[in-house]
Amino acid sequence: MPRSLAVVGKSLTRLGAAEKVTGRLQYTGDLKLPGMLHGKILRSPHPHARIVSIDTSAAEAMPGVVAVITPKDIPPNRRLQSDLAVLDWTVRFVGDEVAAVAAVREDIAEAALERIRVEYEILPALFDPLEAMKPDAFPIHPGGNLAGKPIVLERGSVEAGFAQSQHIFEGTYTTQVHCAAGMEPRAALARWEGDSLTIWKSSRGVHMVDRPALAQGLGIPAEQVRVICPAMGGGFGSKDETRMGTLCALLARKCGKPVRLEYTREEEFIAGRSRHPSITHLKVGISRSGEITAIHARTIMSKGAYMSSGNAVIRRCGQGSLYLYRTPNAKYEGTLVYTNLPVAGSYRALGAPQGQFALEVHMDKIAEALSLDPLEFRRRHHVQPEGQPGERQTPPGELVSDQPVEGGIPFSSNRLSECLRLGAKAIGWQRRWHSPNSSPGHQKRGLGMAMGLYRGGLAHKAGAEVEVHPDGSVEIRVGTIDVGEGAFTTLLQIGAEALGIEPSRVSILGGDTATTPEAPVTSGSSTTFSMGTAVKEAATTLREKILDRVCAHMGTSRESVSWNKGAIQITRPTKKKVSWKEAVALLSPEERRVRVEIRPGSTEFVINSFAAHFAEVEVDTETGKVTVVKYVAAHDSGRIVNPVAAQNQVEGGVIQMLGFALTEELLTDLKTGVTLNGNFLEHKVPVIVDLPPLKTIFVNAPDPAGPFGAKALGEPPSIPVAPAISNAIYNAIGIRFQDLPITPDKILDKLRLQERD
Amino acid sequence: MKIKKRWDVFFIVNGKRRSLTIEPHWTLLEVLRDHLGLTGAKKGCDRAECGSCTVLLEREPVYACQVLAVQARGQRITTIEGLERNGKLHPIQQSFVDHDGVQCGFCTPGFIMTANAFLERTRRPSPDQVKQALSGNICRCSAYAKIIESVLAASRRGKRTRA
């Protein structure tokens, strides 16, 4: 890129900030329509049961109740996913949807739920995935309890690798159920006009998730469904379940009036989508010369009652083991198991935090066994820019996956060594790292670190439309959603940069199936890379068109025109400046609009983002309390489009995952299947007093494949947090924690054992 | 004792007298959101945990979900909608915009209202005082560092911090 960047790389004020600070921004639950009714959902009190009968007469007789929906109202085979009916005659967790009510007031709808009589035949319930996966276990779904086919991925041969090894290290690691808990509980508002539905809802994928699922669930063509996400009060990947929207739409259809359905906070915890709990077994071989000869990871995840996005989660869990460390032989096996627990689904970085927690604690142990400083061990063994050893399997000319198994393909960029260097320097690793459990007194300090790698942001496809209006203003239309992270600000900057105009002339519209082109889900940190590439391409095409038109109009050639501060400078035949507005006026209405659809990616490179995190903790050996004294997050996400927003994103990711590391867990009573702590305080999300001194570092080196050099950023910060903390705790007190969260009671228990030994 | 089913009450909301008939079990949050059209206070939990519904009741920050509307009758209530003056953002609001103390924005009105009452009492707070003052508000995007920055900058900036 010869010209220097004017908009990308600047901390433009977040779009919509003024609407947010004034309370004017309307989230789904703030919307109201005339004559609107209120919906409520009846949930199963049993973890596993068959519904024998439902009697709704008493509920329907209540004044103010307008409609009740039960499985009787759902035609057979009306499914939202292959294992998820709109409503089912079998319920599979405490909180599973049984029926829905619409009434003139929310409290009346709630009271009506109690008048619905349901007779259940109780079925055996399974909460432990290891029990549930046994061949003779009671089936939660007709096909048994393996959710999908277990995946097996291998590069080289781990068997051969272990045969060449001098030492073999094995270990087992577990992680808990962890809830995204966005501040906005899920909400939907449905309105029918004839056979056509408009639904406003919390959604991260109006085009690819909600619209097809709603059409399927309602039995109408997708063209008759318009999905709008007015604003997202926090997404973190989790708001993509579709039963709630379908039930809301069914109620509205039955009532002939708009219906709004809002989850309570407890419903959000129980019937939302959580992070899959995991059990990972790792086996790593080290040769006589200290090289990693093989890494073999096996993960079992409890799915809860339904598949949701489990396939993507289990796949992503293995990528760290396959790719973060240089080794010719790597293997990952992932198995999803149905249980009678609340449904796990997508949550920030999907399975990566689970898999890389196991990997990075395990590697820390190996470093110690080899008498190496953990930083030095990682310096020696992390994957380098040339990628993994081995031979490329992807045929030449085909797009390379950003979650590859094969070796032989270089990265588009890989600044992991810079992340290590800059992060170590910022925390003072060389000076301050000490041998484990060597600080005196009962408040012991320790330093720990972990690396992380994540896909760089490839979506299956991405579309964008850029239109310039006669007044010179530009509108970018994308089908994705700003889930609160600031994606629209970033995309607008990319668009303005490509056009070469002031960002104040540009606006962006998204999250509405009627007005925006098809787009992927806001997921996999793909917005900046994939949508950014689409926006850049559309904007560049438009800019080129404008320049061509100006040349034709002025009778000059492209060599004689240049872009100068939002105007076009012509040097020949005469020196003249054409303003943006004048230039735009040369285009016909059709020419003013450019729509592109792309399949983002590279045929030559693996596109990944990288991080290295460093933590200093203080462990109070009398109370078991862990205080994070200092935290440094160093990231390679290519060129940073908006530094302040990016920093905010990293800080937020770190703090959210300090909860995963130290405090948060959704607990279930294993006799009844009842969720015990479906609320903020007892699930223990971090609050402002938990904020540690936190430093964010961006390598900020442009990636050759990304739009203006950008790569994925949203999820990577959430990956190395838990292992960095666990490793720091080890350094402080000399005890390994391989099970999350690392709560004070676990610390005190292990300290007592340590004393005894 | 017979419980009065309907109460004719008024509130002074953002300086304006608003009269309406309420039921005794309605919360102040329900009244603001569902009956007065003021949706700036958000319902994040409805159980005194998250602070997204924070408003000022006689200048004191309260969780509107925990105040019965009848308790607040006749009193002065300030919501996020009442902070702007002549179409201009309140200095605290401006500071949250300038310092990116916002991500998804759902918790933002609550944080700003709490900060508002706090800065009223504490002119030049330390970062720790800011943390303590805002510890009853949750931001799941965890923009905490930027929120603290925003509040500290507002304390340096504004003469007018009063709502």
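In which loop of chain A is Phe236(A) found? Phe236(A) sits in the loop between β14 (225–228) and α7 (243–255) of chain A; helices (H or I, at least four residues) and strands (E, at least two) are DSSP runs, numbered from the N terminus. The structure is a predicted model, in which local features need pLDDT of at least 70 and side-chain atom pairs count only at pLDDT 80 or more, while totals for chains, interfaces and linings use all residues. Residues are numbered from 1 along each chain as its sequence is written, and chains are lettered from A and ligands numbered from 1 in the order in which they are written.

Although Phe236(A) is not a glycine, its phi is positive, at about 55°. Phe236(A) counts as buried because it has 29 C-beta neighbours inside 10 Å. The cut-offs here are 20 or more other C-beta atoms within 10 Å for buried, 12 or fewer for exposed, and partly exposed in between, with C-beta atoms placed from the backbone.

Glu58(B) belongs to the loop between β3 (54–57) and β4 (60–63) of chain B. With 11 other C-beta atoms within 10 Å, Glu58(B) is exposed.

One joins Arg572(A) and Pro573(A), with omega about 0°, and Pro573(A) has its place in the loop between β25 (567–570) and β26 (576–579). Another cis bond runs from Leu740(A) to Pro741(A), where omega is near -10°. Pro741(A) lies in the loop between α20 (721–733) and α21 (744–756).

Now for chain B as a whole. Chain B holds 5 helices and 5 strands, and from the N terminus on their order is β-β-α-β-β-β-α-α-α-α. Chain B is as compact as a globular protein of its length, because its radius of gyration is 16 Å, close to the 15 Å that the globule rule gives for 163 residues. This radius is taken over C-alpha atoms, and the rule is 2.2 Å times the number of residues to the power 0.38. Along its principal axes, the C-alpha trace of chain B spans about 50 × 30 × 25 Å.

Of the 163 residues of chain B, 55% count as buried. Among contacts in chain B between residues at least 6 apart in sequence, 60% join residues at least 24 apart; two residues are in contact if their C-beta atoms, placed from the backbone, lie within 7 Å.
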